[in-house]
Amino acid sequence: MPVESGSSAAARQAKQKRKSHSLSIRRTNSTEQDRSGLQRDMLEGQDTKLPLSLRNNLLDLFSQIEREFENLYIENLELRKEIETLNDRLTAEGQTFEGADLAKGALKTKASHSTSQLSQKLKTTYKASTSKIVSSFKATTSRAVCQLVREYVGHRDGIWDLSVTRTQPVVLGTASADHTAMLWSIETGKCLLKYLGHQGSGKVCNKFRLMELCSFSSSASGDQTAHIWRYMVQLPTPQPVADMSQTPCEDDVDFSDKDEADGEVEGPNDCPSVRVATTTLRSHQGVVIAADWLVGGKQVVTASWDRAANLYDVETSELVHSLTGHDQELTHCCTHPTQRLVVTSSRDTTFRLWDFRDPSIHSVNVFQGHTDTVTSAVFTVGDNVVSGSDDRTVKVWDLKNMRSPIATIRTDSAVNRISVSVSQRIIALPHDNRQVRLFDMSGVRLARLPRSNRQGHRRMVCCSTWCEDNTSCNLFSCGFDRQAIGWNINIPALLQEK
């Protein structure tokens with residue numbers, strides 16, 4: 001009588017195992033519809049305040065979880081049978097090994113491997129199911145509404161920076177690579193004033209400060225200087241805002257990645273201009289990339305490509321301190337709104353906090369958390385600093401514990417000059433990929449500003465700034481498409497609390 005070989009017997013057992021497994025799955029699926037109908041009847045009979053659609057959605061998700069666990073349970077039973085069979089074979093053939101301990105060790109190894117696989121499958125199923133449930137809840141919550149209110153067009157080259165005055169009259173200021181800085185009426189979009197004092201090529205940025213009864217602006221440029229110039233503007237009568245339907249922030253889709261052809265934009269011809277600076281600050285040996293006013297309005301800090309930040313006295317134009325220590329070019333500087341603190345960011349992947357609260361001691365702290373250029377770092381209300389980088393991350397830091405960030409936001413594109421809303425504590429992230437996204441301080445994404453072929457930025461977005469004192473436009477952005485855009489952002493309180 002022919003003796004069946006071990007390999008053919010193992011093949012036959014594997015075939016029977018697959019057959020029994022498929023039959024078990026068929027039996028399971030055959031009862032799913034009856035069970036689902038029974039569960040729906042039981043659910044409809046319960047007293048609940050959930051909408052019917054949400055209840056049905058939850059029931060479907062829980063049914064999927066139950067089916068996955070049932071399949072895993074059946075597979076677990078089959079694995080146990082296989083272990084028992086293997087145990088019997090090892091017991092019968094134990095004389096071929098060097099004692100029974102080796103057989104037990106092989107059995108333990110096989111059982112441990114099977115248990116590990118089962119545990120991993122359970123984890124994967126649990127994560128997938130819970131993510132579906134969370135997504136279903138998110139779809140039912142109130143959504144953020146973002147409305148494009150007005151476009152500010154007049155520069156002949158890309159706009160690098162923009163800011164809003166902190167006091168009345170509230171105006172928007174933009175600074176461009178066309179060597180000019182412009183002041184705009186937020187309500188009408190009309191240019192109120194143009195500054196033409198910078199001669200060098202490269203970037204121009206501007207910040208505002210009200211001093212006594214005169215309004216001043218500081219601007220920095222590629223001519224290695226920073227200018228302080230006085231402005232007086234008269235706001236025009238606001239015009240009615242065009243009727244624009246409110247757009248959910250996530251609904252507009254970019255249908256084309258091609259940049260629209262930028263025609264030659266004619267600047268405002270009837271806009272008054274200023275050509276002479278009140279004060280010129282000279283000490284840098286490279287492009288001055290940023291400038292900001294220290295609290296009190298008597299000192300200005302500038303950041304340059306010469307790897308240093310300088311602190312100047314406005315009245316005397318004298319250099320008070322030269323803040324050195326960065327290994328590469330600086331990219332941004334920012335001052336605290338109520339304290340004598342300065343933060344500088346650099347291409348050396350770090351940003352530094354400079355403390356001038358004690359006149360006799362000027363301490364410095366170095367933050368190391370990014371892997372690429374830190375494009376900006378800004379203060380928020382309280383003891384937090386938010387930094388953005390070309391490594392596609394934004395980090396929120398606590399000044400009391402600087403070892404590691406308290407929140408990290410990961411994106412799909414490099415982040416440029418960010419801004420934080422004081423009242424709503426929302427971070428606006430301008431990206432290289434023409435998008436602007438909104439996050440809360442915990443790192444939760446709230447919205448994305450609408451961008452399509454009809455509205456939004458057509459090229460890289462360089463900067464964003466919030467306006468706390470305007471009801472029609474509370475967020476502004478600018479970019480290489482030569483325009484600044486005013487947005488109205490409405491974030492439901494429920495969405496901010498999540």
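Tyr152, Trp184 and Phe476 form one aromatic cluster in this predicted model. Residues are numbered from 1 along each chain as its sequence is written. Because the model is predicted, local features need pLDDT of at least 70, side-chain atom pairs count only at pLDDT 80 or more, and totals for chains, interfaces and linings use all residues, while side-chain values use heavy atoms, with hydrogens and water left out.

Seven aromatic pairs are found in a search of the whole structure. Rings of Phe, Tyr and Trp (its six-membered ring) are paired if their centres lie within 6.5 Å; planes under 30 degrees apart count as stacked, over 60 as edge-to-face and the rest as tilted. For Tyr152 and Trp184, the ring centres are 6.0 Å apart and the planes stand at 70 degrees, so this pair is edge-to-face. Distant parts of the chain are linked by the pair, with Tyr152 in strand E1 (residues 145-153) and Trp184 in strand E4 (residues 181-184), 32 residues apart. Strands (E, at least two residues) are DSSP runs, numbered from the N terminus. Tyr152 counts as buried at 0% relative accessibility, and Trp184 is buried with a relative accessible area of 1%. Buried means under 20% relative accessible area, exposed over 50%, and partly exposed in between (1.4 Å probe, protein chains only).

The rings of Phe351 and Trp397 also form an edge-to-face pair, with centres 5.7 Å apart and planes at 70 degrees. Phe351 belongs to strand E18 (residues 350-358) and Trp397 to strand E22 (residues 393-398), so the pair ties together parts 46 residues apart in sequence. Phe351 is buried at 1% relative accessibility, and Trp397 is buried at 0%.

Conventions. Helices (H or I, at least four residues) and strands (E, at least two) are DSSP runs, numbered from the N terminus.
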